[in-house]
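Biologist: Could you please take me through this structure? I would like to begin with the strands and then turn to the helices.

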Amino acid sequence: MTKRWFALLGLSLVLMMTFIRCGEKNGAEDKPVLTVSIPPQKYLLEQIVGEKFVVNSLLSPGTNPENYDPSMNHLIGMQNSKAYLRMGNIGFEAAALTKINDNFPDLKIYNTSAGVPLIRGTHGHHHGHHEMDVDPHVWTSVKNAKIIAENMYKAMVEIDSSNKDYYQKRYEALRQDLELVDDSITRLLAPIKGETFLVWHPSLTYMARDYGLNQMSVEYEGKEATADHLKHIIDDAKAVSPKVFFYQKEYDSRQAELISKEIGTSLTPVNLMNYEWKQEMYNIANTLASKRDN
């Protein structure tokens, strides 16, 4: 009798949890949807929209944006989206926009990088058309993130004006947080101003600009370096003695380990598609700062 009672109790608990989960799922499904391009955008936008919207990212963590080609399966969620807040200059967005315009012509589209001071010349070899020579990694700058957040706030006021006060309050909290992050990283990196760090792919150009650092990229025309180029990079790197070499372990070359050993740098993984954008910015800054006395 006791065993049967416990069995019934267990079944009741399972059913109760199932109903709760279904309720939570239905609650999420009832919320309006917004779409962004990458996880760091999702982080920033969620700070503003709070519980009012579900935010979907086209790119999932661990996916290489350099060779990502969004299919209609990736874009199908757009049919339920109130708007698409694009990053601005990421290569795959051009393909996505063509398909979105063809299939969802009434979808509102916002460029969240509008007004960001763009850096050119770091990515021209990746793309056939000249407008894509813009360095697309604008979100790797806290200063840029302030502009991106403001663009997101303005978009939300247009998309859902009835909740303007809600978005304004949350945006203001985010803006103040970004100011604190920027101030903190500025202090952290001030002692190493002018120093050089290595990256495999030129992805931290904006961060280097913000804090007076020099980024040296190893990648050669989007591919592994030739033997001659590898020797040239190693010689150049030895001349400036970088302490840190950043690489993205999901898709960067195994040559990174070889170069790191040759010039004696600390090889450090970064995840620029990390949803935990603020933590990633701190991780990069802390790594750079911690090596200055070594």
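This is a predicted model: local features need pLDDT of at least 70, side-chain atom pairs count only at pLDDT 80 or more; totals for chains, interfaces and linings use all residues.

Biologist: Which strands form the open sheet, and in what order?

Modeller: The open sheet consists of four strands in the order β2-β1-β3-β4, and their pairing is parallel. The edge strands are β2 (54-57) and β4, each of which pairs on one side only. From one strand to the next, the twist averages 25°.

Biologist: What holds paired strands together in general?

Modeller: Strands of a sheet pair through backbone hydrogen bonds, in either a parallel or an antiparallel manner.

Biologist: How many bridges join β3 to β4 here?

Modeller: Four bridges join β3 (residues 81-86) to β4 (residues 108-111).

Biologist: Which helix makes a β-α-β unit with β3 and β4?

Modeller: That helix is α4 (residues 91-103), and the unit is right-handed. Helix α4 lies across β3 and β4, and runs at about 155° to β3.

Biologist: Which strands does α5 lie across?

Modeller: Helix α5 (residues 142-159) lies across β1, β3 and β4, running at about 160° to β4.

Biologist: Changing topic, which residues of α9 are buried?

Modeller: In α9 (residues 255-263), the buried residues are Gln255, Ala256, Ile259, Ser260 and Ile263. They are on the same side of α9, because they cover an arc of only 135° around the axis.

Biologist: What covers those buried residues?

Modeller: The elements covering the buried residues of α9 include β5 (196-199), α8, β7 and β8 (266-269). Just after α9 comes Gly264, which has a positive phi of about 75°.

Biologist: Where is Ser241 found?

Modeller: Ser241 is in the loop between α8 (227-240) and β7 (244-247).

Biologist: Why does Ser241 count as partly exposed?

Modeller: Its relative accessibility is 44%, so Ser241 counts as partly exposed; that class lies between the cut-offs of under 20% for buried and over 50% for exposed.

Notes:
Residues are numbered from 1 along each chain as its sequence is written. Side-chain values use heavy atoms; hydrogens and water are left out. Helices (H or I, at least four residues) and strands (E, at least two) are DSSP runs, numbered from the N terminus. Buried means under 20% relative accessible area, exposed over 50%, partly exposed in between (1.4 Å probe, protein chains only). The arc is that of the directions from the helix axis to the C-beta atoms. Contact means heavy atoms within 4.5 Å. Two strands pair if DSSP finds at least two bridges between them. A crossover is right-handed if, with the strands pointing away from the viewer, the path from the first strand over the helix to the second runs clockwise. Axes are lines fitted to C-alpha atoms, for helices over the stretch in contact, and angles run from 0 to 180 degrees between N-to-C directions.
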